[in-house]
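Please walk me through this structure.

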Amino acid sequence: MADDTLLSIREARKHFPIYKGWMRKQIGSIKAVDDISFDIKKGETFGLVGESGSGKSSIARLILRAYDVSGGSILFRRGDGSVVDITALNDFEMRDIRREMQMIFQDPYSSLNPRMRLLDLVGEPLVIHGWGTPAEIRDRVAELLGLVGLRPEYVMRYPHAFSGGQRQRIGIARALALNPSFIAADEAVSALDVSVAAQNINLMQDLQEKFGLTYLFITHDLGMVEHISDRVGVMYLGRLMEVGPTAEMFTKPLHPYTEALLAAVPQPDPRGNRLRKRVPLKGEIADAMNVPTGCAFHPRCPYADQTCRTEVPALRTLAGGRLARCHYAEKLDLTGVAAS
Ligand SMILES: Nc1ncnc2c1ncn2[C@@H]1O[C@H](COP(=O)(O)OP(=O)(O)OP(=O)(O)O)[C@@H](O)[C@H]1O
Ligand code: SF4
Ligand SMILES: [Mg+2]
């Protein structure tokens, strides 16, 4: 694993068996994550996008070992520089790694226990890991609240006393408690108003700079991804379709699925200030139990031909180190969006 890499996901798979009848006969499987490989560099924000059901959350869950892989490996560089394959660790070994990897959840309402005070909510990871005395934990919680822009004297309040944006900040404070190096944010700000979401994104960026954090940022919102991510991975039906630096991918996508997602992002009309009409993505995402043959995107792809219907394209490295899973990535001249 390269020195500048924090996480290396290698040929990771997560297949969920599907059973039917009283005999519980397996009739198929959902390939939520299917042969996914990508690296996340130290200190970067890696954005993961794709329509609902494409496998984004499943990847985060594999990285944090909320799910066990069906195959492949996930290498993580620890604070002391050593590299571990987290898929091979037992529960005891994983407990230690959990200090270094945290998750911020989508719904700030349901992810915080309403019967716990901020002291207990934010301090819980410290207590679980035997971090210090009650007085030290109280001081640390007050410090963490300060870091996320909440008043330290709020420690004895309950979550219902806070707005959605503030609750998200409580979740961020909790995630920071044990000084992690990696945070996965799964649709972390999707439930918030645009202005509140923007404030929390700015907070996350400040914290990233301050503590050298590495983020996996999962979202449906391509505008958000463009704003926050250094590099982006585009997922479709459990597979990565394209990976590359954000600005390059947005101005010049290499995969027809990326082009289609970008066409649905509202754009300023070059002749005026109105927003250009969104072009909806053609057709429905395929049934995850019944992934199309050849290129999984072929039923919706305007460039598909006979080869696409029968041959599965590999994720290939192209000029400039960008990756795309399309037979014709070099030949197609795809349209992106103007740099913003
Ligand atoms: N525990 C599970 N058991 C069975 N199938 C699952 C499970 N978790 C996820 N799946 C399936 O795996 C696929 C990927 O789901 P996942 O939640 O990772 O997608 P996602 O990209 O995060 O979607 P969304 O944008 O809606 O959050 C879906 O088809 C989903 O139904
Ligand atoms: S491989 Fe074929 S169907 Fe798939 S994205 Fe490329 S052109 Fe479209
Ligand atoms: Mg999800």
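The questions below take up the two ligands, then two single residues.

This is a predicted model: local features need pLDDT of at least 70, side-chain atom pairs count only at pLDDT 80 or more, and totals for chains, interfaces and linings use all residues. Residues are numbered from 1 along each chain as its sequence is written, chains are lettered from A and ligands numbered from 1 in the order in which they are written, and side-chain values use heavy atoms, without hydrogens and water.

Q: Which residues come nearest to ligand 1?
A: A residue is near a molecule if one of its heavy atoms lies within 4 Å of it. There are 14 residues around ligand 1. Those that come nearest are Ser52, Gly53, Lys56, Ser57 and Ser58.

Q: How many Å separate a polar side-chain atom of His220 from an oxygen atom of ligand 1?
A: A polar contact is a pair of N or O atoms within 3.5 Å. For Ser52, the distance from a side-chain N or O atom to an oxygen of ligand 1 is 2.5 Å. For Ser57, a polar side-chain atom is 2.8 Å from a ligand 1 oxygen. For His220, the value is 3.1 Å.

Q: Which element gives the largest share of the shell around ligand 1?
A: Helices (H or I, at least four residues) and strands (E, at least two) are DSSP runs, numbered from the N terminus. Strand S2 (25-41) and helix H1 (56-63) each supply at least two shell residues. The largest share is three residues, and they come from H1.

Q: How many charged residues does the shell around ligand 2 have?
A: Asp, Glu, Lys and Arg count as charged; Ala, Val, Leu, Ile, Met, Phe, Trp, Tyr, Cys and Pro as nonpolar; the others, Gly among them, as polar. The residues around ligand 2 include His255, Cys295, Cys301 and Tyr328. By class, this shell has eight nonpolar residues, three polar and, as for charged ones, none.

Q: Is Glu44 buried or exposed?
A: Glu44 sits in the loop between S2 and strand S3 (45-49). A polar atom of its side chain lies 2.8 Å from the backbone nitrogen of Lys41. Buried means under 20% relative accessible area, exposed over 50%, partly exposed in between (1.4 Å probe, protein chains only). Glu44 has 7%, so it is buried.

Q: What is the relative accessibility of Ser111?
A: Ser111 lies in the loop between strand S6 (101-104) and helix H3 (118-128). Ser111 counts as partly exposed because its relative accessibility is 38%.

Technical notes:
Polar contact = N/O pair within 3.5 Å; in protein donor to acceptor, adjacent residues only side chain to side chain.
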